[in-house]
Amino acid sequence: MLYTITLYTSLAIFVAGLIYRISNWFRYSIGTDAADITASTRASAAVGGITSTIFSAKIGILLKVFLLDVLLQAWLLKKDFLRWLAHICIYGGFMLLLLMHGLDKFITSVVFDNYYSTLNPFMFLRDFFGLVVIVGVGIAIYRRLLSKGPRPQSTGVDYYAIIILAVIMISGVILEGTKIVSNSRYQEMVDEYAGLDEEETEDLMALGAYWVQKFGVVSRDIKGPFDKNTLQQGKQLHEMSCAECHSRPQWAFMGYGASRVMSPMASLLDRANIHTLLWYIHFLACFFGLAYLPFSKFFHIFSTPVYLLANAVKKEGKSDPANMATLRAIEMDACTHCGDCTTRCSVAVAFNEISNPNILPHEKLAAFRRLLSGRGLSKKTLMAIQEGSYICTDCHRCTDVCPIGINLEDLWLNLKAHLAELGYTKPEAWAREAIGAEFNLVKLKDKTLSLTPVDKGFVGELTGSAQASTFSVCFGCQNCTNVCPVVGNYENPKEMVGLLPHEIMHCLALKHKELALGSKMLWDCVTCYVCQEHCPQGVRVTDVLYQLKNLALKHLKEKAA
Amino acid sequence: MKFALFLGCNIPVRLKHYESASRAVLRELDVELVDIAEFNCCGYPLRNIDLKAFVLSSARNLALAERENLNMIILCKCGYGTLRMADHLIREDARLREDVNRTLAKEGLSYNGDIQVKHILSVLFNDVGIGVIKEKITRPYENLKIATHYGCHALRPSNIVQFDDPVAPSLFDQLVEVTGAESVDWSTKLDCCGGPLLGTNDELSLDFTEKKLADARMAGAHYLTTGCTFCQVQFDTVQKMVATEKGTNHHVPSILYPQLLGLCMGIDKNVLGLDCNQIDITGIEGFLAPEPLAESG
């Protein structure tokens, strides 16, 4: 009952999730050319595109990609043998388990007349496939322990999927072990299939002896050593009633191994009905995994092959723009979060100092997906995505290294355009306006400034570094302002840039944070270092301005938090 | 002579010809280049955002070169200035040095200040030498006038970058003149190209660019020459953009110095990427001295 209800519930969630995720491919609008194409146009273009591709010479390309890239994952083999081995073991082993064991009612028993899960080769293969998955996971862990260098972050999403997989595998093996040793399970089978009455105690003893001896059953009443005749008699009974469905459990080497470990406490486990409990855990974990799949990292089982196939037959500039827009949306889901891009990223090193995960490309892609989903993101989150987007130097390395060929560079440009539409432009340009609006110098025009220190802590942040603290030796000669090419560019520089360089140095002496951070001069500084070169006092004017920019951006970040 | 070649982020994507031209010229002059694939961002774009992130980013590059026991050669002036600045800050500030090295240690790296950071122009001038270059020149230019653009971040702050005299530099002019070209006098020679403000304040950025282009034109220059990624993008890509958008065409195309030098050394123009510039510079071949006639008996 519980089995049926949970099966159909999780199946329903799975299907709904799949439809939802796939519908995103037609709804997510990335890039200016995608903005005017409706979801329904894109869906029908996709159907048209798929149909015309299948009935054209391109079917050859699709078949080749499906065989080499989807099934055999040749792209990964080219990159790294061990990683390919790990992935193919996990994915291949699990798929075979799913097909042969998970869906045995629908597939294996239909294909093979003599199918019983406890009969070879099926019994052996189930454990073998399980072992393949475990070997794959082992290689993956080994690789991770061995690798040095900046590691891509693993997030909760990555771990949940792995935890569910582990629960399914481990509960399966232990379940098998408890069933092997279970006396009650043995008795049920005898009652049902042996055709022996309770009075035929000798036969029952003989069969029991044979199963204890050869099949690992642990019984309180029947214990060895047994004489040859009893075992011989048991063997005959076994061959009559049991052998048709039962191979020796040693073939299920993992479950059998588990059963040997458990055998000393087998009776206890049996009385507690542990195998039923494990069975619940096993199938509930499977169903939970099924329902969670469309929302997890494992959705890439569907999205990545679709992307690989579609990407192989697209033609830049020739394919229908509607389909190109859809392909960009699929890229969002095709990312497997492998982190290759981050390992190669030119600015990932900055993450050590600026703890914003959006600096790392594989995290930035996930953030872009959240942005597209239309969920209202907070100002703080948007600023974090903005910061990550603009720390990126567009060096193209992520795109070159992506194992499945996602055009990340193109996505980053589109992400910036998307952010700009929401009002989040390049942080420097954005800060120029944002902080100018906050610390409005115009308001102070006719006021007399207070000479009492305004913000001691603020100046403390500057005196912390050798270069920025040099402002304190400024004696106001105005050389910096006189040689500044930005000041010289304007007839009315004060109106254009706010405070002039020497005035900013003066503000720092007065510890006047608002004035120093609010001047547009900070952002209009072209960093030519002419001022610094010409300062007779050795004030590192340009470097002071650099650090004021750092402080202004930090201030805006803290304000949004 | 052996250096670790630092390309930065932009050259491999947007100025591939700067790389190929530099490699070709340096090979001719027996400068050996080593590629370090792990190099990352020089730190320049991080300077506005966070001082420590910038220093760390630079330091990782310095540490990688130090691990190979190689001095660095930089093609970009902003990258050069940034790496020199970081190098200076790390030497100057013990606490910063400790912080940086603690982070680098996670990767088994450290920076102890044992290498030199050099710009390609100073390598050519100081390490190779004008005399050696001159010997390699097969077809010098004739009647060619070049406006030499020094680039801010190589010149200033002079006590840190130590490239040349910040007020009256001559290194780049001498490198230009050895090719046979004339390095013209122009008043804005040492001024900024406007590049750093592109994307932050485009109008101001272009004011700088246009002022320089107009000045170079006034001085009678046929071409500008640069030794920096950002300056070149500004005088090539951006100049073309402005010419199309505003119709203000000063017609002073910009050539990268290794292209200028390589051509008169007889290096194949395809290797130098003469066709890769946004604004056509192929006309410069017309200034080359006639090819020496094959000696006939």
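This is a predicted model: local features need pLDDT of at least 70, side-chain atom pairs count only at pLDDT 80 or more; totals for chains, interfaces and linings use all residues.

Reader: Why is chain A described as more spread out than a compact globule?

Author: One compares the radius of gyration, taken over C-alpha atoms, with the globule rule, which is 2.2 Å times the number of residues to the power 0.38. For the 561 residues of chain A the rule gives 24 Å, whereas the radius of gyration is 34 Å, well over that value, so chain A is more spread out than a compact globule. Along the principal axes, the C-alpha atoms of chain A fill a box of roughly 115 × 60 × 40 Å.

Reader: Which domains does the assignment give for chain A?

Author: Such bounds come from an automatic or database domain assignment. In chain A they are domain 1 (2–146 + 296–303), domain 2 (179–280), domain 3 (335–425) and domain 4 (446–560). The C-alpha centres of domain 1 and domain 4 of chain A are 58 Å apart.

Reader: What percentage of the residues of chain A count as buried?

Author: A residue is buried if 20 or more other C-beta atoms lie within 10 Å of its own, exposed if 12 or fewer, and partly exposed in between, with C-beta atoms placed from the backbone. By this criterion 39% of the 561 residues of chain A are buried.

Reader: Let us turn to backbone geometry. Where is the place of A:P121, and what is the peptide bond from A:N120 to A:P121?

Author: Most residues other than glycine have a negative phi, and most peptide bonds are trans. The bond from A:N120 to A:P121 is cis, with omega near 5°; A:P121 sits in the loop between helix 6 (108–111) and helix 7 (122–146) of chain A. In chain B, a cis peptide bond joins B:R156 and B:P157, with omega about -10°, and B:P157 lies in the loop between helix 8 (152–155) and helix 9 (158–161). As for phi, A:N273 has a positive value of about 55° although it is not a glycine. A:N273 belongs to the loop between helix 13 (266–271) and helix 14 (274–292) of chain A, and with 14 C-beta neighbours inside 10 Å it counts as partly exposed.

Reader: In what order do the four strands of the open sheet in chain B stand?

Author: Strands of a sheet pair through backbone hydrogen bonds, either parallel or antiparallel. Two strands are taken to pair if DSSP finds at least two bridges between them. The order in this open sheet of chain B is 2-1-3-4, with parallel pairing. Strand 2 (32–35) and strand 4 (117–119) of chain B stand at the edges with a single partner strand each, so one side of each is left without a neighbour in the sheet. Strand 1 (residues 2–6) of chain B is joined to strand 3 (residues 71–74) by four bridges, and B:A4 has B:M72 as its bridge partner. Strand 1 also pairs with strand 2 of chain B over four bridges, where B:K2 stands opposite B:E32. Four of the five residues of strand 1 of chain B are buried.

Reader: Into which domains is chain B divided?

Author: Chain B is divided into domain 1 (2–119) and domain 2 (130–287), whose C-alpha centres lie 24 Å apart. Their contact takes 25 residues from domain 1 and 27 residues from domain 2 of chain B.

Terms used:
Residues are numbered from 1 along each chain as its sequence is written. Chains are lettered from A and ligands numbered from 1 in the order in which they are written. Two residues are in contact if their C-beta atoms, placed from the backbone, lie within 7 Å. Helices (H or I, at least four residues) and strands (E, at least two) are DSSP runs, numbered from the N terminus.
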